[in-house]
Structure formats: structure tokens, C-alpha cells
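Keep the view of the structure open as you read.

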Amino acid sequence: MKHRLAALAALLIVGACTVGACTSSSESRRPASAGASASDLAAIERLHDGYVAAHNDADAGRMMALFTDDAVLMPTDEPAVTGRAAIGDHYQEFFDQTPAEIILRPVETRVAGDWAFERIEMTVTLPGGGGKVMQAEVKYLWILERQPDGSWQIARAIYNLDEDFTESRGQGA
């Protein structure tokens with residue numbers, strides 16, 4: 001456990017020192033990455049694909065499987081949600097109340113051993129009234145943990161909205 005915490009602390013320090021050197025997603029279509037092999041990036045991309053598919057299908061079970069057993073989710077303006085089962089319950093409640101679709105855009109991926117962090121931007125689209133949709137831009141920070149099979153799971157996640165949802169005509173309207 002002490003080794004895991006030390007590795008996580010080192011990853012966060014490296015990340016904090018390198019964030020300023022990265023390009024923003026508006027400046028580059030390719031996310032910045034460091035320390036990641038091609039196989040790491042491919043495995044992390046599979047995690048992204050699984051996250052988007054589970055979210056857009058409103059499948060809390062598949063969503064929950066993307067997180068480590070001891071994962072912590074820190075939603076905007078809510079208490080932290082700890083553990084895979086509690087995170088599954090959180091997403092089920094969200095899906096029951098709010099049918100939504102997301103588009104995920106990785107901005108930055110940094111890998112250090114069996115840990116990685118990612119800055120991610122997402123567009124969340126909700127159905128609105130009168131043929132309109134509600135959209136918001138959301139920023140995420142994920143800390144990922146490599147699994148024994150080489151896949152990656154979300155160990156920590158925090159997110160916030162750039163601004164409140166805005167209503168517009170758009171896809172899904």
C-alpha cells in the first residue's frame with residue numbers, strides 16, 4: 001500500500017510539473033502524451049470507448065466495471081463516491097433521471113509505471129423541450145491504474161462543468 005501511495009504521489013508531482021508545457025485541445029487535435037507506449041495508449045483508448053458506450057447506453061453495470069474496486073468519484077458539488085458498487089449506484093441514479101449522450105476528447109495523457117493521469121474534455125447532450133437539446137462542456141481529471149492484463153481502469157475521477165447547460169437546436173432535437 002505504501003508503495004502504491006508513493007507511486008501515485010510521484011505521478012501527481014510529475015503531472016503538476018508538466019501540465020503547463022502541454023498544448024490545449026484547441027491548439028492540437030492529438031492529445032499530449034508522455035511516458036505512454038503505443039500499447040498503453042491503445043488500451044487507454046479502449047477504456048475511453050467503453051466509457052462512452054456504457055454512458056450513451058445508460059448501462060451502469062458496464063460503467064461500474066471501468067472503475068477499480070477502491071475507486072473514488074468526485075462529482076461537481078456532491079460528496080465523493082467511494083468504491084465500485086457505490087459508483088455504479090451513482091451512475092444508475094443519473095441514468096434513471098437524465099438520459100444523456102457524451103463525446104469524449106482526451107487532452108493529455110501521462111503514464112508513469114502502472115499509473116496514468118488524463119485530462120479529458122466531454123460534451124454532454126441532454127434532450128430539451130420543444131425540439132431543443134441542452135449541452136454542457138465538462139472537464140475531467142482521471143487517475144488510471146494499469147491492471148495485470150494490461151488494461152487500464154479509473155482509480156480516481158473528478159469533474160466540473162465549464163458553465164451551466166445551454167439550450168440550442170442540435171443533433172437529437
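**Exercise 1.** Decide whether arginine 119 is buried, exposed or partly exposed, and find its salt-bridge partner.

*Solution.* Remember throughout that this is a predicted model.
Step 1: arginine 119 has a relative accessibility of 27%. Partly exposed covers the range between under 20% (buried) and over 50% (exposed), so arginine 119 counts as partly exposed.
Step 2: look for a partner. The side chain of arginine 119 meets that of glutamate 108 in a salt bridge, with 2.5 Å from N to O.
Step 3: Because arginine 119 is in strand E5 and glutamate 108 is in strand E4 (residues 101-112), the pair ties together parts 11 residues apart in sequence.

**Exercise 2.** Find the other arginine that meets glutamate 108, and classify both residues by accessibility.

*Solution.* Step 1: arginine 110 also forms a salt bridge with glutamate 108, at 3.1 Å from N to O.
Step 1: apply the cut-off for buried, under 20%. Arginine 110 has 13% relative accessibility, so arginine 110 counts as buried.
Step 2: glutamate 108 has 0%, so glutamate 108 is buried too.

**Exercise 3.** Work out which parts of the chain are linked by the salt bridge between arginine 84 and aspartate 69.

*Solution.* Step 1: the closest N and O atoms of arginine 84 and aspartate 69 are 2.7 Å apart.
Step 1: arginine 84 belongs to helix H4 and aspartate 69 to strand E2, so this pair, 15 residues apart, links distant parts of the chain.
Step 2: compare the relative accessible areas with the cut-offs. Arginine 84, at 22%, is partly exposed, whereas aspartate 69, at 57%, is exposed.
Step 3: A search of the whole structure gives 10 salt bridges.

**Exercise 4.** Describe the largest pocket: its space, its lining and the elements that supply that lining.

*Solution.* Step 1: the largest pocket holds about 450 Å³ of space.
Step 1: its lining has 19 residues, and Glu78, His90, Phe94, Tyr159 and Leu161 are the ones nearest the centre.
Step 2: sort the lining by class, which gives 12 nonpolar, five polar and two charged residues.
Step 3: turn to the elements. At least two lining residues each come from helix H2 (38-56), helix H4 (84-97), strand E5 (115-127), strand E6 (133-146) and strand E7 (152-161). H4 gives the largest share, five residues.

**Exercise 5.** Which residues form a nonpolar patch on the surface?

*Solution.* Step 1: the patch consists of Met74, Leu141 and Ile158, which together have about 210 Å² of accessible area.
Step 1: take one member. Methionine 74 is in strand E2 (residues 67-74), and its relative accessibility of 31% makes methionine 74 partly exposed.

Key:
Residues numbered from 1 in each chain as written. Predicted model: local features only at pLDDT ≥ 70, side-chain atom pairs only at ≥ 80, totals over all residues. Heavy atoms only, no water. 1 Å grid on protein atoms, 1.4 Å probe; cavity = no way out; pocket = protein on both sides within 12 Å on 5 of 7 lines; lining within 4 Å. Points joined across faces, edges and corners; volume = space filled by probe spheres on them. Helix = DSSP H or I, 4+ residues; strand = E, 2+ residues; numbered from the N terminus. Nonpolar A, V, L, I, M, F, W, Y, C, P; charged D, E, K, R; others polar. Patch = residues over 30% accessible without salt bridge, like charges linked within 9 Å, V, L, I, M, F, W, Y side chains within 5 Å. Areas by Shrake-Rupley, 256 points an atom, 1.4 Å probe, with all protein chains shown as cover. Salt bridge = Lys/Arg side-chain N within 4 Å of Asp/Glu carboxyl O. Buried < 20%, exposed > 50% of the residue type's maximum accessible area, 1.4 Å probe, protein only.
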